[in-house]
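Have the model open in your viewer for this one.

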Amino acid sequence: MSLTLADLGWNEAFEKAFRPYHKKRWLPGRLIRDNKITYGALLEGGEELEVIMSGKVYHDAESNAQLPSVGDWVAIDPGHGDDEPMIRARLARQTCFSRKVPGKSTEEQVMAANVDIVFVVTDAGVDFNPRRMERYFTLIARSGAKPVVLVNRADLHSDEENAEAVATIQSLQSGVDTHITSAIDAQGVAVVRSYLEAGKTITLVGSSGVGKSSIVNQLLGDEWQETGEINEVSGRGRHTTTAREIVVIPGGGILIDNPGIREVQMWTDEDTLREQFADIEAIAMECKFHDCKHGTDKGCAIRESVETDKLDYQRYQAYLRLEDEIAELKRKQKKRQMTSERRNKRKLREVARNPADREQLRKELRPSTGGRVEDFED
Ligand SMILES: Nc1nc2c(ncn2[C@@H]2O[C@H](COP(=O)(O)OP(=O)(O)OP(=O)(O)O)[C@@H](O)[C@H]2O)c(=O)[nH]1
Ligand SMILES: [Mg+2]
Ligand SMILES: [Zn+2]
């Protein structure tokens, strides 16, 4: 399969941004793998190349989120002779799907750059959680991508349960595309396939075990990677995705499969939050006093709406929690602009530019697959 740049997601805006690099005979490449030390990049034609980052790209990045990430378009200097191919520049992202790094850190973690659609995969059973869904919607709103929800594992639930899940999702984000699917009996796969288009990038997110990789496999039409079936030979249980994987679908479209996300950490701003909860904002406008605390204040429209069930109490509480989280994030960020985590990563990348050190580092890293920075399970 010979892929054109357009097949990989290239467009006019990238073309324009690339002009100065073109003159230097650097090549456009799309990053499909972050190996920590090196990156995997796809070039025109579909060739995959292992590349390292130049010191300039590294030092120009003001945070980890500014470093090249999976999905980014970069300018690659192929070098001469034994030179290693090197990323000389990262093109500005057109969209960026991020969350906050899990744990105490206050940093942004890029989950996928330049994505057009985010598939949020859930089911109508134990995984279903409207509060988590609100978080996904808020992150996606911030990213610039379009959300689509897949209520998967439909075969395990009644039609009523599946329909109820869809209705709840619609009540959280009116008009959002929502589809009932089963990756086992291929139900709904046709409609999912309809989102695939040459050059369109789709990323799949959701809890572990909900069926993201199974859906990718369905779209690919053959077994692309192991999913959770018990492996008869090894007797090993579930195969969980441990790193982001990009696959280019033969008929067009680029899929980014992600490891399961346990905690949807907020990475957004107050404005996006308010837009996402516009219903609550509108009610608050009706409060008698403009500085209403929505507690026991006289003429509080929020209180009244909750009492009359016009506003779901849980949704209101979730909004307050998210508001607190964002405020807390902002506060912490101010306090420590540069975390030790970033310094560590700097060190790692520093070493990464020396081939001898890199081999050593690789050896050190090999035994411990746990603790990978990009593992989503936290
Ligand atoms: N019954 C049923 N089982 C499904 C469906 N989709 C996936 N499964 C099963 O659920 C298990 C987990 O599926 P995966 O596709 O590996 O889940 P995942 O979301 O990729 O999980 P992580 O990689 O851990 O994030 C496997 O045993 C699948 O066969 C479905 O629609 N119906
Ligand atoms: Mg998976
Ligand atoms: Zn009020």
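## A walk through the fold

Buried residues make up 35% of the 378 residues in the protein; buried here means 20 or more other C-beta atoms within 10 Å of a residue's own, exposed means 12 or fewer, partly exposed is in between, and C-beta atoms are placed from the backbone. This is a predicted model, with local features needing pLDDT of at least 70 and side-chain atom pairs counting only at pLDDT 80 or more, while totals for chains, interfaces and linings use all residues. Residues are numbered from 1 along each chain as its sequence is written, and chains are lettered from A and ligands numbered from 1 in the order in which they are written.

The secondary structure comes to twelve helices and 13 strands, taken as DSSP runs (H or I of at least four residues for helices, E of at least two for strands) and numbered from the N terminus. Among contacts (C-beta atoms, placed from the backbone, within 7 Å) between residues at least 6 apart in sequence, 67% join residues at least 24 apart.

Now for the barrel. Five strands close up in the order 1-2-3-5-4, with mixed pairing; a pair needs at least two DSSP bridges. Neighbouring strands of this sheet are turned by 55 degrees against each other on average, direction ignored. Helix 1 packs on the sheet, and its direction makes about 20 degrees with that of strand 4 (axes are lines fitted to C-alpha atoms, for helices over the stretch in contact, with angles from 0 to 180 degrees between N-to-C directions). Here are helix 1 and the strands it touches:

| Element | Residues |
|---|---|
| Helix 1 | 12–23 |
| Strand 1 | 27–34 |
| Strand 4 | 73–77 |
| Strand 5 | 86–90 |

Strand 1 runs antiparallel to strand 2 (residues 39–43), joined by five bridges, and Arg30 sits opposite Leu42 in strand 2.

On to the core. The largest nonpolar core has 79 residues, and Val74 is one of those touching the most other members; such a core is a set of buried Ala, Val, Leu, Ile, Met, Phe, Trp, Tyr and Cys residues joined through C-beta atoms within 7 Å. Leaving out residues up to four places away in sequence, Val74 touches partners including Gly29, Leu31, Ala41 and Ile87.

Further along, helix 10 (residues 313–335) buries Ala318, Tyr319 and Leu322. The cover over its buried residues includes helix 3, helix 7 and helix 8.

Lastly, Asp60 lies in helix 2 and counts as exposed because it has 12 C-beta neighbours inside 10 Å.

Technical notes
Two residues are in contact if their C-beta atoms, placed from the backbone, lie within 7 Å. The expected span of a helix is 1.5 Å times one less than its number of residues.
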